[in-house]
Amino acid sequence: MKSLIDLSRPKRLVRIIPIIFFLYLINFLDRVNISYAIDAGMFQYLGVASSQVGIIASLASSLFFVGYFIPQIFSNLGINRYGVRKIFAIAFTAWGIITILTGFVTAVVQVYVLRFLLGIAEGPFYAGVIFYLSIWFLKPERATANSLFNAAIPISGIIGGLIAGSIFAVYGDYPGWRYLFWYEGILALIGALIAYFLLTDFPKDAKWLSKEEKEALERAKAEEEVEKVKVSWVSALAHRDVILLAIVYFLGVTSLYGYSIWLPSIISAIAKVNASIASFLSIIPYVIASISLIIIAWYADKHQNHKIITSIVFVIAGIGLALSAATESIFIISFILFAIAAIGIYSFLSPFWAVPQKFLQGDAAAASIGLINAVGNLGGIAGPIIVGFLKSYTGSFVDGVYAMALFSFLAGIVMILVKKE
């Protein structure tokens, strides 16, 4: 006979995952739409010399993560105390307006300012959802819940490639990149309404769970809390494993955003195709990643070996990237290896986030997840800048791909040093 936890699990999955999945689709589209705009010549239209586009575009992409760092810890503490609905609604409204305004820019400095503000606006979302899932799902369920949420990253790449490719095919590179920002900004405003009216802040607020199911979930969560480290949120920030996890996430995110931001441009360079075709080809790595992400998370949940799985997928990413760079002159082989690397680049997210969720609770978990996400996402500054700088300096993306491989290997090594599992 099924327990009350088993009976409530399908309800929790159906009422929570599709909503935050859709919201994350919007989030990631607005975060990386600049990658398609870069390949379509956005900065050349703003008066940047072709030889300087790599550096200027990298800086614009990276300023997002400077702003992103600012609200992390305290927005998560706010979610723990007040719930997600109001905070997410405000965040989505702000970044929808900012994204729409990006479609009207006439100077590079305007792009810089808007990308920085977009980072602040989007800051509360990802870490907020990771903590939100820890409220609603128990330890054996968590990596799977994380994976269903994180699958939105590669799937948004599929959708983003289709949207960008279609817009560029209809409107051309210009004014196509302007329409890209306008349409996806409107999607964010729709997301604000969805977050406010459809999400449920805490299990006690869930009218769609029976009283017995709520009580069973709260009891099970209380039993899990007994096993966790009981420290203040300030002390948790100095915990050895929290610091190591922040380093791992920084290294992983450096590769992830070096890959995501420059993906269409790298494909254009090695395949010698235009922005529309490159946008469509960029779908392939995201398809591979979206499938592998769910399978790997399911396996990690089943065997409860999240730390080891995280380390292994980083190594897969490193091998794929290094071999792709080594075979750059043979497009088909290089592209296949580059797409295989996406397995590790995106699949580390779900098993990785299951680790801090296992050993911290309450404000300590909220603040630590916020810190890990904040520090880690500084890799979003490093990745695009490193790849863009090396492209400008060498005239090729090969060294940038090797650099992403190195960061992936290092992330796998540091992950092994984490003690808590």
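Rings of Phe, Tyr and Trp (for Trp, the six-membered ring) form an aromatic pair if their centres lie within 6.5 Å; planes under 30 degrees apart count as stacked, over 60 as edge-to-face and the rest as tilted. The model is predicted: local features need pLDDT of at least 70, side-chain atom pairs count only at pLDDT 80 or more, and totals for chains, interfaces and linings use all residues. Residues are numbered from 1 along each chain as its sequence is written, and side-chain values use heavy atoms, with hydrogens and water left out.

**Exercise 1.** State how many aromatic pairs the structure holds, and classify the pair of phenylalanine 104 and tryptophan 182.

*Solution.* The structure holds 38 aromatic pairs. In the pair of phenylalanine 104 and tryptophan 182, the centres are 4.9 Å apart and the planes are at 40°, so the pair is tilted. Phenylalanine 104 sits in the loop between α5 (85-102) and α6 (108-122), and tryptophan 182 in helix α10 (residues 173-198); the pair links distant parts of the chain, 78 residues apart. Helices (H or I, at least four residues) and strands (E, at least two) are DSSP runs, numbered from the N terminus.

**Exercise 2.** Determine how helices α3 and α20 are oriented to each other, and which residues make the contact.

*Solution.* The axes of α3 (residues 53-69) and α20 (residues 379-394) come within 8 Å and cross at roughly 175°. Axes are lines fitted to C-alpha atoms, for helices over the stretch in contact, and angles run from 0 to 180 degrees between N-to-C directions. Angles under 35 degrees count as roughly parallel, over 145 as roughly antiparallel, 65 to 115 as roughly perpendicular and the rest as oblique. The two helices, α3 and α20, are therefore roughly antiparallel. The contact (heavy atoms within 4.5 Å) includes Phe65 and Val66 of α3 and Ile385 and Phe389 of α20.

**Exercise 3.** Decide whether serine 134 and serine 51 are buried or exposed.

*Solution.* Buried means under 20% relative accessible area, exposed over 50%, partly exposed in between (1.4 Å probe, protein chains only). Serine 134, in helix α7 (residues 125-136), has 9% and is buried. Leaving aside neighbours within four places in sequence, serine 134 is in contact with Arg142, Lys221 and Gln357. Serine 51 lies in the loop between α2 (42-45) and α3; at 52%, serine 51 is exposed.

**Exercise 4.** Work out to what extent helix α17 (residues 331-347) is enclosed.

*Solution.* In α17, 12 of the 17 residues are buried, so this helix is largely enclosed by the rest of the structure. Among the buried residues are Phe335, Phe338 and Tyr346.

How values were computed. Expected span 1.5 Å × (residues − 1).
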